[in-house]
Amino acid sequence: MRLGTRRSALALAQSGHVADAVRAATGRDVELVEVTTLGDVSREALTALGGTGVFVSALRESLLAGEVDFAVHSLKDLPTAAPDGIALAAVPVREDPRDALVARDGLTLGELPAGSRVGTGSPRRAAQLAALGLGLETVPIRGNVDTRLRLVTDAQVDAVVLARAGLSRLGRLDAVTETLDPLQMLPAPGQGALAVECRADDAATAALLAVLDDPVTRAAVLAERALLAALEAGCAAPVGALGEVAEGDDGPEVYLRGVVAAPDGAAVRLSATGSLADAEALGRRLAADLFEAGAAELMPERPSGSGADPMPSGPIPPTTQPGERVP
Ligand SMILES: NCc1[nH]cc(CCC(=O)O)c1CC(=O)O
């Protein structure tokens with residue numbers, strides 16, 4: 001079986017992990033096929049093409065063209081719109097979904113003095129940091145995980161916030177100085193989870209990959225992404241969400257938390273509980289509750305129908321496209 005992958009360190013780690021799992025579960029041979037896009041070749045090309053969404057489309061095109069049989073993505077990077085001709089064959093067991101702080105001198109968020117510079121390219125992380133009221137300054141940054149870690153080592157910033165899962169997959173958990181509690185920082189919808197995709201008409205591959213699927217993770221991320229999709233329709237503010245499955249009175253249920261936050265730190269946080277089978281309805285219900293609580297008003301300056309770019313202005317030009325996920 002041919003597994004299409006990007007050649008970034010994180011993509012190779014994720015694809016390698018899934019390839020091992022497929023070999024172990026099916027006894028089949030799995031060959032990694034590196035799909036190179038212009039975005040991998042140069043930062044200028046990536047910017048011109050419109051950001052990291054190009055990686056997802058390049059892998060999907062390779063799938064549809066029959067060049068590879070399946071592909072692995074970070075689930076949080078996938079647009080919420082369902083792609084034509086592509087099936088979500090498996091959502092494997094999720095890594096720790098939380099965000100992590102990597103700060104100078106081993107500091108935690110609470111120990112960083114007011115005025116400290118925290119690097120993040122994510123409006124969701126910047127807005128939730130502002131909501132904590134600690135007087136931290138956020139600095140827009142971009143680049144891969146190693147580049148971001150180096151900004152702290154080189155003292156360009158006092159800290160960065162990254163997905164714990166990415167650091168774990170790259171063997172860099174040693175750099176983490178604090179794992180952020182979802183009470184303070186809700187992760188991106190789908191963070192820490194992988195999406196394994198194949199062609200929708202390739203039932204044989206889908207059947208083999210189905211062994212990797214974890215129904216509990218799938219229900220949690222379906223709820224998170226339904227929440228995101230419903231909010232995107234009416235609100236350009238950054239969204240955090242975390243679904244967790246726990247035993248309720250009538251069996252397992254999804255406990256879903258959501259936040260919509262504005263750059264100035266104004267935020268609405270709510271939670272709801274529902275059954276695993278109705279995970280998407282739960283996400284939509286929580287989105288409606290968040291709207292009811294004023295989520296849309298957190299970004300009143302959004303020009304209608306423009307797919308406003310939520311990236312804060314800063315020294316590095318924004319490249320976010322409508323519908324592209326920003327961690
Ligand atoms: N947007 C980049 C991206 N996409 C997936 C991960 C990490 C792995 C994951 O969240 O599943 C990261 C890096 C980060 O947010 O720190």
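1. A cut-off to begin with: a residue is called buried if 20 or more other C-beta atoms lie within 10 Å of its own, exposed if 12 or fewer, and partly exposed in between. Cys235 has 19 C-beta neighbours inside 10 Å, so Cys235 counts as partly exposed.

2. UniProt, in an unreviewed entry, places the feature "modified residue: S-(dipyrrolylmethanemethyl)cysteine" at Cys235. In the model, Cys235 is in the loop between helix H9 (215–232) and strand S11 (239–248). Leaving aside residues up to four places away in sequence, Cys235 touches Val260, Ala295, Ala296 and Met299.

3. Please keep in mind that this is a predicted model. The chain's pLDDT averages 90, and 87% of the residues score at least 70. Over residues 305–323, though, the pLDDT is below 50, and this stretch has 34 contacts in the model beyond near neighbours in sequence. Where pLDDT is low, the predicted coordinates should not be read in detail. The model's scores are ipTM 0.95 and pTM 0.89.

4. For orientation, the domain assignment gives domain 1 (2–91 + 194–213), domain 2 (99–179) and domain 3 (220–298). Taken over C-alpha atoms, the centres of domain 1 and domain 3 are separated by 27 Å.

5. Ala11, Gln14, Ser15, Val18, Ala19 and Val22 are buried in H1.

6. What do the buried residues of H1 pack against? Their partners are strands S1 (2–5), S2 (31–34), S3 (70–74) and S10 (194–199), along with helices H7 (164–169) and H8 (203–209). Just after H1, Gly27 takes a positive phi of about 75 degrees.

7. Helix H6 (residues 145–153) can be read in a similar way. Its buried residues are Val145, Arg148 and Val152. They cover an arc of only 70 degrees around the axis, so they sit on the same side of H6. Asp146, Thr147, Arg150 and Thr153 are exposed on the face turned away from that buried side.

8. The buried residues of H6 pack against H1, H7 and strands S5 (99–103), S6 (117–119) and S8 (159–163). Just after H6, Ala155 takes a positive phi of about 60 degrees.

Key:
Residues are numbered from 1 along each chain as its sequence is written. This is a predicted model: local features need pLDDT of at least 70, side-chain atom pairs count only at pLDDT 80 or more; totals for chains, interfaces and linings use all residues. Helices (H or I, at least four residues) and strands (E, at least two) are DSSP runs, numbered from the N terminus. Two residues are in contact if their C-beta atoms, placed from the backbone, lie within 7 Å. pLDDT is the predictor's confidence in each residue, from 0 to 100. UniProt positions are given in the numbering used here, feature names are shortened, and annotations may be inferred rather than shown by experiment. Domain bounds come from an automatic or database domain assignment. The arc is that of the directions from the helix axis to the C-beta atoms.
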